[in-house]
Amino acid sequence: MIDVVDVAIVGAGTAGAAVAALCAERGLSTICVDRRPLHEAGARWVNGVPAWAFGEAGLQPPQGEELRAADHVFHLVVGWGPSRLTLRGHGLLEVDMPRLVERLQDLARSAGARLRGEVEITGIEGTRLRLADEAIDARWIVDASGLSGARLLRQAPVPRTDLCAAAQQVHALADPKAARAWLAKHEASEGHTLCFTSVAGGYSIVSVRVEGDSVGILTGSIPALGHPSGQRLLDEFVAEHPWIGARRFGGARAVPLGRPRDVLAEGPVALVGDAAGQVFSAHGSGIAAGLLAARLLADTLAEGGDPERYAVRWQRRYGGLFAAYDAFRRFSQGLSVSEVERMIEGGLLDEASAIAALRQELPPLPLSQLLGKARRLLRAPGLAARFAPVAARMVAAQGLYRGYPAEATQRARWCTWAARLLD
Ligand SMILES: Cc1cc2nc3c(=O)[nH]c(=O)nc-3n(C[C@H](O)[C@H](O)[C@H](O)COP(=O)(O)OP(=O)(O)OC[C@H]3O[C@@H](n4cnc5c(N)ncnc54)[C@H](O)[C@@H]3O)c2cc1C
(Lines give C-alpha, C1' and ligand atoms only; values in the text may rest on other atoms or scores of the structure.)
Protein backbone atom coordinates (compact mmCIF):
# COMPACT_ATOMS: atom_id res chain seq x y z
CA MET A 1 0.00 0.00 0.00
CA ILE A 2 1.23 3.53 -0.75
CA ASP A 3 0.14 6.59 1.26
CA VAL A 4 0.40 10.02 -0.39
CA VAL A 5 0.61 13.14 1.81
CA ASP A 6 2.06 16.66 1.95
CA VAL A 7 4.28 15.98 4.97
CA ALA A 8 5.59 12.66 6.32
CA ILE A 9 7.40 12.82 9.66
CA VAL A 10 9.71 10.16 11.06
CA GLY A 11 9.62 10.24 14.86
CA ALA A 12 6.72 11.20 17.16
CA GLY A 13 8.77 12.59 20.08
CA THR A 14 8.51 16.30 20.99
CA ALA A 15 10.03 17.59 17.75
CA GLY A 16 8.15 15.23 15.41
CA ALA A 17 4.79 15.47 17.19
CA ALA A 18 5.09 19.30 17.22
CA VAL A 19 5.83 19.34 13.47
CA ALA A 20 2.80 17.08 12.92
CA ALA A 21 0.50 19.28 15.02
CA LEU A 22 1.67 22.59 13.51
CA CYS A 23 1.66 21.32 9.89
CA ALA A 24 -1.81 19.77 10.26
CA GLU A 25 -3.13 22.97 11.89
CA ARG A 26 -1.93 24.83 8.78
CA GLY A 27 -3.95 22.56 6.52
CA LEU A 28 -1.16 20.27 5.25
CA SER A 29 -2.03 16.57 5.00
CA THR A 30 0.31 14.98 7.52
CA ILE A 31 1.41 11.55 8.66
CA CYS A 32 3.80 10.92 11.55
CA VAL A 33 5.27 7.50 12.39
CA ASP A 34 7.39 6.20 15.26
CA ARG A 35 9.17 2.89 15.64
CA ARG A 36 8.07 2.70 19.27
CA PRO A 37 4.45 2.47 20.45
CA LEU A 38 3.19 6.08 20.36
CA HIS A 39 2.79 6.25 24.16
CA GLU A 40 6.51 5.43 24.48
CA ALA A 41 7.81 7.92 21.88
CA GLY A 42 10.26 10.70 22.74
CA ALA A 43 11.62 11.71 26.15
CA ARG A 44 10.29 9.69 29.09
CA TRP A 45 11.58 11.86 31.94
CA VAL A 46 11.30 15.42 33.36
CA ASN A 47 12.93 18.26 31.41
CA GLY A 48 13.59 21.93 32.10
CA VAL A 49 12.19 24.08 29.27
CA PRO A 50 12.11 27.91 29.13
CA ALA A 51 8.47 29.09 29.20
CA TRP A 52 8.95 31.58 26.35
CA ALA A 53 9.65 28.74 23.90
CA PHE A 54 6.06 27.49 24.06
CA GLY A 55 4.66 30.93 23.17
CA GLU A 56 7.15 31.36 20.35
CA ALA A 57 6.31 27.91 19.00
CA GLY A 58 2.59 28.79 19.08
CA LEU A 59 1.79 26.18 21.75
CA GLN A 60 0.02 26.46 25.10
CA PRO A 61 2.49 26.26 27.99
CA PRO A 62 2.27 23.12 30.17
CA GLN A 63 -0.39 23.11 32.87
CA GLY A 64 -1.78 20.72 35.48
CA GLU A 65 0.15 17.48 35.92
CA GLU A 66 2.32 18.22 32.86
CA LEU A 67 3.86 21.14 34.77
CA ARG A 68 5.90 20.01 37.77
CA ALA A 69 7.38 23.42 38.69
CA ALA A 70 7.66 26.96 37.33
CA ASP A 71 10.26 29.61 38.00
CA HIS A 72 11.43 27.89 41.18
CA VAL A 73 14.59 28.94 43.05
CA PHE A 74 17.61 27.43 41.26
CA HIS A 75 20.91 27.08 43.14
CA LEU A 76 23.82 26.66 40.73
CA VAL A 77 26.38 25.15 43.11
CA VAL A 78 30.05 24.88 42.15
CA GLY A 79 31.22 21.31 42.84
CA TRP A 80 29.49 20.15 46.03
CA GLY A 81 29.61 23.74 47.38
CA PRO A 82 29.72 26.05 49.16
CA SER A 83 30.28 28.52 46.25
CA ARG A 84 27.02 29.10 44.35
CA LEU A 85 24.80 31.43 42.35
CA THR A 86 21.14 31.56 43.36
CA LEU A 87 18.88 32.22 40.38
CA ARG A 88 15.35 33.61 40.54
CA GLY A 89 13.05 34.83 37.78
CA HIS A 90 14.59 32.54 35.15
CA GLY A 91 11.26 31.41 33.70
CA LEU A 92 12.27 27.75 33.48
CA LEU A 93 9.46 25.16 33.62
CA GLU A 94 9.94 21.61 34.87
CA VAL A 95 7.93 19.58 32.39
CA ASP A 96 6.65 16.00 32.59
CA MET A 97 7.78 14.92 29.13
CA PRO A 98 5.56 11.84 28.62
CA ARG A 99 2.56 14.12 29.23
CA LEU A 100 3.88 16.85 26.89
CA VAL A 101 4.54 14.32 24.11
CA GLU A 102 1.03 12.90 24.60
CA ARG A 103 -0.48 16.43 24.39
CA LEU A 104 1.43 17.21 21.17
CA GLN A 105 0.32 13.91 19.64
CA ASP A 106 -3.32 14.65 20.64
CA LEU A 107 -3.05 18.14 19.10
CA ALA A 108 -1.73 16.61 15.88
CA ARG A 109 -4.58 14.07 15.74
CA SER A 110 -7.27 16.64 16.42
CA ALA A 111 -5.85 18.86 13.65
CA GLY A 112 -6.23 15.92 11.25
CA ALA A 113 -2.73 14.35 11.22
CA ARG A 114 -2.46 10.56 11.12
CA LEU A 115 -0.11 9.07 13.73
CA ARG A 116 1.16 5.50 13.66
CA GLY A 117 3.29 3.72 16.24
CA GLU A 118 5.49 0.64 15.86
CA VAL A 119 6.35 1.62 12.29
CA GLU A 120 10.05 1.76 11.52
CA ILE A 121 11.36 3.69 8.53
CA THR A 122 14.02 1.63 6.85
CA GLY A 123 15.07 3.97 4.04
CA ILE A 124 14.25 6.74 1.61
CA GLU A 125 14.16 6.94 -2.19
CA GLY A 126 13.52 10.46 -3.44
CA THR A 127 10.18 11.43 -1.89
CA ARG A 128 9.25 7.86 -0.90
CA LEU A 129 9.76 6.55 2.63
CA ARG A 130 10.27 2.80 2.88
CA LEU A 131 8.51 0.87 5.67
CA ALA A 132 8.68 -2.89 6.17
CA ASP A 133 6.17 -3.83 3.43
CA GLU A 134 4.61 -0.53 2.41
CA ALA A 135 5.64 3.03 1.49
CA ILE A 136 4.70 6.65 2.09
CA ASP A 137 4.98 9.16 -0.75
CA ALA A 138 5.23 12.71 0.54
CA ARG A 139 5.97 16.10 -0.91
CA TRP A 140 8.11 16.91 2.15
CA ILE A 141 9.80 14.46 4.51
CA VAL A 142 10.88 15.37 8.05
CA ASP A 143 13.51 13.46 9.98
CA ALA A 144 12.63 14.00 13.66
CA SER A 145 13.97 10.60 14.65
CA GLY A 146 16.51 11.75 17.23
CA LEU A 147 20.21 11.10 17.68
CA SER A 148 20.24 7.44 16.65
CA GLY A 149 17.30 7.42 14.29
CA ALA A 150 16.72 7.08 10.57
CA ARG A 151 19.56 9.46 9.42
CA LEU A 152 17.67 10.37 6.27
CA LEU A 153 20.38 12.86 5.21
CA ARG A 154 23.15 10.39 6.04
CA GLN A 155 24.06 12.54 9.07
CA ALA A 156 27.58 11.66 10.24
CA PRO A 157 27.77 10.09 13.71
CA VAL A 158 28.32 12.67 16.47
CA PRO A 159 31.90 12.47 17.86
CA ARG A 160 31.91 10.78 21.27
CA THR A 161 33.48 13.88 22.84
CA ASP A 162 30.32 15.76 21.80
CA LEU A 163 27.95 13.31 23.50
CA CYS A 164 26.49 13.96 26.93
CA ALA A 165 25.32 10.81 28.74
CA ALA A 166 22.29 12.08 30.68
CA ALA A 167 19.91 10.41 33.10
CA GLN A 168 16.82 11.68 34.90
CA GLN A 169 14.68 9.79 37.41
CA VAL A 170 11.85 10.64 39.77
CA HIS A 171 11.91 8.68 43.04
CA ALA A 172 9.64 8.44 46.04
CA LEU A 173 10.89 9.95 49.31
CA ALA A 174 11.70 7.12 51.72
CA ASP A 175 12.42 9.49 54.61
CA PRO A 176 10.99 13.03 54.20
CA LYS A 177 12.56 14.25 57.46
CA ALA A 178 16.05 13.20 56.36
CA ALA A 179 15.42 14.78 52.94
CA ARG A 180 14.56 18.10 54.62
CA ALA A 181 17.70 17.86 56.77
CA TRP A 182 19.79 17.29 53.63
CA LEU A 183 18.19 20.35 51.98
CA ALA A 184 18.87 22.46 55.07
CA LYS A 185 22.52 21.33 55.07
CA HIS A 186 22.75 22.67 51.52
CA GLU A 187 20.87 25.89 52.39
CA ALA A 188 17.90 25.06 50.19
CA SER A 189 14.19 24.39 50.70
CA GLU A 190 11.60 22.06 49.30
CA GLY A 191 10.82 22.95 45.66
CA HIS A 192 14.27 24.47 45.03
CA THR A 193 16.69 22.96 42.52
CA LEU A 194 20.15 22.20 43.86
CA CYS A 195 22.30 21.82 40.75
CA PHE A 196 25.80 20.63 41.67
CA THR A 197 28.06 21.38 38.69
CA SER A 198 31.54 20.17 37.70
CA VAL A 199 31.27 17.14 39.97
CA ALA A 200 32.71 14.80 37.28
CA GLY A 201 34.46 17.10 34.83
CA GLY A 202 33.61 20.69 33.89
CA TYR A 203 30.47 19.74 31.97
CA SER A 204 28.85 17.47 34.54
CA ILE A 205 25.90 18.01 36.88
CA VAL A 206 23.96 16.27 39.61
CA SER A 207 20.75 18.28 39.97
CA VAL A 208 18.25 17.49 42.72
CA ARG A 209 14.76 18.81 43.44
CA VAL A 210 12.64 17.59 46.35
CA GLU A 211 8.94 18.37 46.22
CA GLY A 212 5.98 16.80 47.99
CA ASP A 213 6.51 13.08 48.26
CA SER A 214 9.10 12.80 45.47
CA VAL A 215 12.59 13.78 44.42
CA GLY A 216 13.73 14.41 40.84
CA ILE A 217 17.39 13.78 40.02
CA LEU A 218 19.03 14.84 36.75
CA THR A 219 22.63 13.96 35.94
CA GLY A 220 24.89 14.32 32.93
CA SER A 221 28.53 14.16 31.90
CA ILE A 222 30.76 13.47 28.90
CA PRO A 223 32.09 9.91 29.40
CA ALA A 224 34.48 10.16 26.42
CA LEU A 225 36.47 12.69 28.48
CA GLY A 226 37.07 10.02 31.10
CA HIS A 227 34.12 10.68 33.42
CA PRO A 228 31.42 8.38 34.82
CA SER A 229 28.15 8.43 32.84
CA GLY A 230 25.05 10.30 33.97
CA GLN A 231 23.41 6.98 34.93
CA ARG A 232 26.38 6.05 37.13
CA LEU A 233 26.39 9.47 38.81
CA LEU A 234 22.67 9.07 39.47
CA ASP A 235 22.95 5.52 40.83
CA GLU A 236 25.82 6.56 43.12
CA PHE A 237 23.88 9.57 44.40
CA VAL A 238 20.84 7.40 45.17
CA ALA A 239 23.00 4.77 46.90
CA GLU A 240 24.65 7.43 49.08
CA HIS A 241 21.36 9.04 50.18
CA PRO A 242 19.12 6.53 51.96
CA TRP A 243 16.27 9.08 52.19
CA ILE A 244 15.71 8.47 48.45
CA GLY A 245 13.11 5.72 47.91
CA ALA A 246 11.88 3.64 44.98
CA ARG A 247 12.21 4.81 41.37
CA ARG A 248 8.91 5.96 39.85
CA PHE A 249 9.89 6.82 36.28
CA GLY A 250 12.71 8.27 34.19
CA GLY A 251 15.29 7.29 31.62
CA ALA A 252 18.80 7.74 30.28
CA ARG A 253 20.17 8.49 26.84
CA ALA A 254 22.91 10.31 24.96
CA VAL A 255 22.33 13.94 23.97
CA PRO A 256 24.20 15.41 20.99
CA LEU A 257 26.19 18.51 21.91
CA GLY A 258 28.24 20.35 19.29
CA ARG A 259 27.03 22.92 16.78
CA PRO A 260 23.74 22.28 14.96
CA ARG A 261 24.18 20.31 11.72
CA ASP A 262 25.52 22.65 9.02
CA VAL A 263 22.99 21.22 6.56
CA LEU A 264 19.45 21.01 7.97
CA ALA A 265 17.71 20.21 4.69
CA GLU A 266 18.37 18.77 1.29
CA GLY A 267 15.76 18.58 -1.48
CA PRO A 268 12.47 17.38 0.05
CA VAL A 269 14.00 16.36 3.42
CA ALA A 270 14.22 18.54 6.56
CA LEU A 271 15.86 17.68 9.88
CA VAL A 272 14.46 18.84 13.24
CA GLY A 273 15.30 18.22 16.90
CA ASP A 274 18.17 15.96 17.99
CA ALA A 275 18.38 14.58 14.43
CA ALA A 276 19.40 18.12 13.40
CA GLY A 277 21.74 18.67 16.36
CA GLN A 278 19.37 21.44 17.53
CA VAL A 279 20.44 21.17 21.15
CA PHE A 280 21.44 24.04 23.43
CA SER A 281 24.88 22.69 24.08
CA ALA A 282 25.69 24.56 27.32
CA HIS A 283 23.27 22.28 29.18
CA GLY A 284 22.27 19.66 26.62
CA SER A 285 18.69 20.91 26.18
CA GLY A 286 16.87 20.08 22.96
CA ILE A 287 13.16 20.53 23.71
CA ALA A 288 12.87 24.30 23.12
CA ALA A 289 15.00 24.15 19.98
CA GLY A 290 12.94 21.28 18.56
CA LEU A 291 9.65 23.13 19.20
CA LEU A 292 10.95 26.35 17.62
CA ALA A 293 12.25 24.43 14.61
CA ALA A 294 8.85 22.73 14.27
CA ARG A 295 7.12 26.13 14.16
CA LEU A 296 9.57 27.58 11.63
CA LEU A 297 9.28 24.50 9.41
CA ALA A 298 5.46 24.43 9.54
CA ASP A 299 5.25 28.17 8.80
CA THR A 300 7.71 27.88 5.91
CA LEU A 301 5.92 24.94 4.27
CA ALA A 302 2.48 26.50 4.78
CA GLU A 303 3.71 29.74 3.17
CA GLY A 304 4.77 27.77 0.09
CA GLY A 305 8.46 27.53 1.02
CA ASP A 306 10.49 24.32 1.06
CA PRO A 307 12.75 22.53 3.58
CA GLU A 308 15.85 24.39 2.32
CA ARG A 309 14.13 27.73 2.99
CA TYR A 310 13.35 26.52 6.54
CA ALA A 311 17.00 25.54 7.01
CA VAL A 312 18.27 28.98 5.99
CA ARG A 313 15.76 30.70 8.27
CA TRP A 314 16.65 28.49 11.26
CA GLN A 315 20.39 28.94 10.84
CA ARG A 316 20.12 32.73 10.47
CA ARG A 317 17.76 33.10 13.41
CA TYR A 318 19.06 30.58 15.95
CA GLY A 319 22.29 29.08 14.58
CA GLY A 320 24.60 31.83 15.92
CA LEU A 321 23.18 31.51 19.44
CA PHE A 322 23.57 27.73 19.49
CA ALA A 323 27.08 27.83 18.00
CA ALA A 324 28.16 30.56 20.45
CA TYR A 325 27.07 28.53 23.46
CA ASP A 326 28.72 25.45 22.03
CA ALA A 327 32.03 27.37 21.96
CA PHE A 328 31.41 28.19 25.64
CA ARG A 329 30.52 24.54 26.40
CA ARG A 330 33.81 23.29 24.94
CA PHE A 331 35.68 25.83 27.11
CA SER A 332 33.70 25.10 30.28
CA GLN A 333 34.04 21.30 30.02
CA GLY A 334 37.77 21.71 30.68
CA LEU A 335 37.33 23.85 33.81
CA SER A 336 38.15 22.63 37.31
CA VAL A 337 35.99 23.50 40.32
CA SER A 338 38.46 26.20 41.44
CA GLU A 339 38.49 27.72 37.96
CA VAL A 340 34.67 27.97 37.94
CA GLU A 341 34.91 29.63 41.36
CA ARG A 342 37.42 32.12 39.94
CA MET A 343 35.07 32.88 37.04
CA ILE A 344 32.35 33.75 39.55
CA GLU A 345 34.74 35.83 41.67
CA GLY A 346 35.93 37.67 38.52
CA GLY A 347 32.33 38.42 37.49
CA LEU A 348 32.60 36.48 34.23
CA LEU A 349 29.90 34.13 35.47
CA ASP A 350 27.15 35.90 37.43
CA GLU A 351 23.41 35.54 38.09
CA ALA A 352 22.42 37.45 34.94
CA SER A 353 24.62 35.42 32.60
CA ALA A 354 23.59 32.12 34.24
CA ILE A 355 19.88 33.05 33.88
CA ALA A 356 20.47 33.96 30.21
CA ALA A 357 22.02 30.52 29.67
CA LEU A 358 19.07 28.79 31.39
CA ARG A 359 16.68 30.81 29.22
CA GLN A 360 18.77 29.91 26.14
CA GLU A 361 19.40 33.55 25.31
CA LEU A 362 22.54 35.56 24.65
CA PRO A 363 24.16 37.03 27.79
CA PRO A 364 22.77 40.45 28.81
CA LEU A 365 26.22 41.91 28.26
CA PRO A 366 27.02 42.38 24.55
CA LEU A 367 29.37 39.57 23.61
CA SER A 368 32.04 42.08 22.53
CA GLN A 369 32.14 43.34 26.15
CA LEU A 370 32.79 39.82 27.36
CA LEU A 371 36.30 40.20 26.00
CA GLY A 372 36.81 43.22 28.28
CA LYS A 373 35.48 41.25 31.23
CA ALA A 374 37.83 38.40 30.38
CA ARG A 375 40.75 40.81 30.58
CA ARG A 376 39.70 41.79 34.08
CA LEU A 377 40.19 38.15 34.93
CA LEU A 378 43.88 38.70 34.28
CA ARG A 379 44.36 38.13 37.98
CA ALA A 380 43.93 34.57 36.79
CA PRO A 381 46.02 34.95 33.61
CA GLY A 382 45.85 31.33 32.43
CA LEU A 383 42.05 31.36 32.58
CA ALA A 384 41.76 34.74 30.81
CA ALA A 385 44.08 33.59 28.04
CA ARG A 386 41.92 30.51 27.53
CA PHE A 387 38.64 32.43 27.62
CA ALA A 388 39.59 35.30 25.26
CA PRO A 389 39.51 33.21 22.05
CA VAL A 390 36.24 31.62 23.21
CA ALA A 391 34.59 35.05 23.59
CA ALA A 392 35.94 35.96 20.15
CA ARG A 393 34.41 32.77 18.71
CA MET A 394 31.08 33.53 20.37
CA VAL A 395 31.07 36.94 18.66
CA ALA A 396 32.18 35.47 15.31
CA ALA A 397 29.40 32.86 15.42
CA GLN A 398 26.74 35.60 15.42
CA GLY A 399 27.97 37.17 12.19
CA LEU A 400 28.74 33.88 10.51
CA TYR A 401 25.26 32.40 10.99
CA ARG A 402 23.50 35.66 10.09
CA GLY A 403 25.20 35.24 6.72
CA TYR A 404 24.22 31.56 6.25
CA PRO A 405 23.96 31.29 2.45
CA ALA A 406 20.59 30.92 0.78
CA GLU A 407 22.26 29.31 -2.25
CA ALA A 408 23.17 25.64 -1.81
CA THR A 409 26.17 26.17 -4.13
CA GLN A 410 27.78 28.52 -1.59
CA ARG A 411 27.22 26.24 1.37
CA ALA A 412 30.41 24.18 1.14
CA ARG A 413 32.48 27.36 1.45
CA TRP A 414 30.39 28.51 4.43
CA CYS A 415 30.87 25.12 6.14
CA THR A 416 34.64 25.36 5.68
CA TRP A 417 34.67 28.83 7.26
CA ALA A 418 32.42 27.73 10.11
CA ALA A 419 34.71 24.80 10.90
CA ARG A 420 37.81 26.99 10.69
CA LEU A 421 36.43 29.74 12.93
CA LEU A 422 34.41 27.76 15.42
CA ASP A 423 35.69 24.22 15.84
C1 LIG B 1 18.05 12.27 30.87
C2 LIG B 1 17.88 13.41 29.93
C3 LIG B 1 17.56 14.66 30.44
C4 LIG B 1 17.35 15.73 29.57
N5 LIG B 1 17.02 16.95 30.09
C6 LIG B 1 16.68 17.94 29.24
C7 LIG B 1 16.19 19.18 29.77
O8 LIG B 1 16.12 19.39 30.97
N9 LIG B 1 15.79 20.11 28.87
C10 LIG B 1 15.81 19.92 27.52
O11 LIG B 1 15.40 20.79 26.74
N12 LIG B 1 16.32 18.76 27.01
C13 LIG B 1 16.73 17.78 27.83
N14 LIG B 1 17.20 16.60 27.32
C15 LIG B 1 17.30 16.44 25.85
C16 LIG B 1 15.94 16.17 25.25
O17 LIG B 1 15.28 15.13 25.93
C18 LIG B 1 16.12 15.81 23.76
O19 LIG B 1 16.82 16.86 23.15
C20 LIG B 1 14.75 15.64 23.09
O21 LIG B 1 14.03 14.58 23.69
C22 LIG B 1 14.92 15.38 21.60
O23 LIG B 1 13.63 15.29 21.02
P24 LIG B 1 13.44 14.73 19.54
O25 LIG B 1 11.97 14.71 19.32
O26 LIG B 1 14.32 15.45 18.61
O27 LIG B 1 14.01 13.24 19.56
P28 LIG B 1 13.58 11.97 20.42
O29 LIG B 1 13.00 12.37 21.73
O30 LIG B 1 14.78 11.08 20.43
O31 LIG B 1 12.43 11.28 19.56
C32 LIG B 1 12.73 10.62 18.36
C33 LIG B 1 11.67 9.58 18.08
O34 LIG B 1 11.96 8.99 16.79
C35 LIG B 1 11.72 7.61 16.86
N36 LIG B 1 12.52 6.93 15.80
C37 LIG B 1 13.87 6.79 15.75
N38 LIG B 1 14.24 6.15 14.62
C39 LIG B 1 13.10 5.86 13.93
C40 LIG B 1 12.84 5.19 12.68
N41 LIG B 1 13.82 4.71 11.92
N42 LIG B 1 11.55 5.06 12.28
C43 LIG B 1 10.54 5.56 13.06
N44 LIG B 1 10.74 6.21 14.25
C45 LIG B 1 12.00 6.36 14.67
C46 LIG B 1 12.12 7.20 18.26
O47 LIG B 1 11.46 6.01 18.66
C48 LIG B 1 11.68 8.44 19.08
O49 LIG B 1 10.39 8.29 19.65
C50 LIG B 1 17.49 15.54 28.16
C51 LIG B 1 17.86 14.29 27.66
C52 LIG B 1 18.08 13.24 28.54
C53 LIG B 1 18.48 11.91 27.99
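Modeller: Domain 1 (2-66 + 97-156 + 261-319) and domain 2 (160-256) both give residues to the shell around the ligand, so the ligand lies between them. The domain bounds come from an automatic or database domain assignment. This is a predicted model, in which local features need pLDDT of at least 70 and side-chain atom pairs count only at pLDDT 80 or more, while totals for chains, interfaces and linings use all residues. Residues are numbered from 1 along each chain as its sequence is written.

Colleague: What makes a residue count as near a molecule, and which residues come nearest to the ligand?

Modeller: A residue is near a molecule if its C-beta atom, placed from the backbone, lies within 6 Å of it. Of the 42 residues around the ligand, Gly11, Gly13, Gly146, Gly273 and Gly286 come nearest.

Colleague: Why is Ala270 said to be in contact with residues such as Trp140?

Modeller: Two residues are in contact if their C-beta atoms, placed from the backbone, lie within 7 Å. Leaving aside neighbours within four places in sequence, Ala270 has contacts that include Trp140, Val142, Leu264 and Leu297.

Colleague: What are the domains, and how many residues does the contact between domain 1 and domain 2 take from each?

Modeller: The chain is divided into domain 1, domain 2 and domain 3 (322-422). The centres of domain 1 and domain 2, taken over C-alpha atoms, are separated by 29 Å. Their contact takes nine residues from domain 1 and twelve residues from domain 2.
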